[in-house]
Amino acid sequence: MEITDADGDLVARGLVNFSSEELPQMLGRSTSELGENLGDQYERSVVHVDDLVVVRL
């Protein structure tokens, strides 16, 4: 996954922990809220810092 800033410029790349079908229902919700509403398997970050490479600060 490519992570961009508000202008669309590439900031980082990372491995995603969820499918493209799961992500839309997760947008704008906290990790704890996702765990409460969707189950424990959703109580993790979309891209964990250990799976992230920053390409521009």
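## Salt bridges in a predicted model

Glu33 and Arg29 form a salt bridge in which the closest N and O atoms are 3.5 Å apart. A salt bridge here is a side-chain nitrogen of Lys or Arg within 4 Å of a carboxyl oxygen of Asp or Glu. This is a predicted model, in which local features need pLDDT of at least 70 and side-chain atom pairs count only at pLDDT 80 or more, whereas totals for chains, interfaces and linings use all residues. Residues are numbered from 1 along each chain as its sequence is written, and side-chain values use heavy atoms, with hydrogens and water left out.

A search of the whole structure finds three salt bridges, tabulated below.

| Salt bridge | N to O distance |
|---|---|
| Glu33 with Arg29 | 3.5 Å |
| Arg13 with Glu2 | 3.2 Å |
| Asp5 with Arg56 | 2.7 Å |

Arg13 forms its salt bridge with Glu2. Arg13 belongs to strand S2 (residues 10-14) and Glu2 to strand S1 (residues 2-4), so the pair ties together parts that are 11 residues apart in sequence. Strands (E, at least two residues) are DSSP runs, numbered from the N terminus.

The side chains of Asp5 and Arg56 also meet in a salt bridge. Because Asp5 lies in the loop between S1 and S2 and Arg56 in the segment after strand S3 (52-54), this pair ties together parts that are 51 residues apart in sequence.

Relative accessible area classes a residue as buried under 20%, exposed over 50% and partly exposed in between (1.4 Å probe, protein chains only). Glu33 is partly exposed at 31%, as is Arg29 at 26%. Arg13 is partly exposed at 41%. Asp5 is partly exposed at 27%, and Arg56 is partly exposed at 37%.

How values were computed
Helices (H or I, at least four residues) and strands (E, at least two) are DSSP runs, numbered from the N terminus.
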